[in-house]
Amino acid sequence: MAKKSKQAAGTPAIVALTAAGVPFTTHAYEHDPAHPSYGEEAAQALGVSPAQVFKTLVADVDGVLTVAVVPVSGSLDLKALAAAVGGKRAAMADPALAERTTGYVLGGISPLGQRKRLRTVIDTSASAHATICCSAGRRGLEIELSPSDLTTLTSATLAPIARQN
């Protein structure tokens, strides 16, 4: 019985949002494993601009894992991320290490409810939207919430870390 109630509670990201009493909406869609981009797939499925859907990336900045939250319509500027946290060099983290550390699988890494809380930087473009969408902790499930709530709950820094594609 306890197992069933745990499943009903949702992903760790949803549990964290619920516990914090923050308003949010979940959006589920059928994930297509053949789609070339998790984020673009989410934007298409939700019928929203890729600029409003944010992807969660894990980078290594001077040996410290750091979460970068950037719009699907852009890409992560590693130099800008390093500068935002006072580092010198940034590179994308090893995918297996990112999964192990966050407790999520690639394409489903959420900035919320991670196994180990990592420092987080959110691109300043998030502030241009009343709400943004990001992964709820699994492929095919997004959460929509205010950028300020996401910033507060992740203790994030806001910085211009995205390049437009």
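Start with the largest pocket, which holds about 430 Å³ of space. A pocket here is an open set of points on a 1 Å grid over the protein atoms alone, where a 1.4 Å probe fits, with protein on both sides within 12 Å along at least five of seven lines; lining residues have an atom within 4 Å of a point. The volume is the space filled by probe spheres set on the points, which are joined across faces, edges and corners.

This is a predicted model: local features need pLDDT of at least 70, side-chain atom pairs count only at pLDDT 80 or more, and totals for chains, interfaces and linings use all residues. Residues are numbered from 1 along each chain as its sequence is written, and side-chain values use heavy atoms, with hydrogens and water left out.

Select Y38, K55, T56, L57 and G107: of the 33 lining residues, these are closest to the pocket's centre. Then colour α3 (38-46), β2 (54-61), α5 (95-102), β7 (132-138) and β8 (141-145), the elements that each give two or more residues to the lining. Helices (H or I, at least four residues) and strands (E, at least two) are DSSP runs, numbered from the N terminus.

Next, show the open sheet of 5 strands, ordered β5-β2-β3-β6-β9 with mixed pairing. Two strands pair if DSSP finds at least two bridges between them. At the edges are β5 (90-92) and β9 (157-159), each pairing on one side only.

Zoom in on β6 (residues 119-123), which pairs with β9 in the parallel sense over 3 bridges. Here V121 stands opposite T157 in β9.
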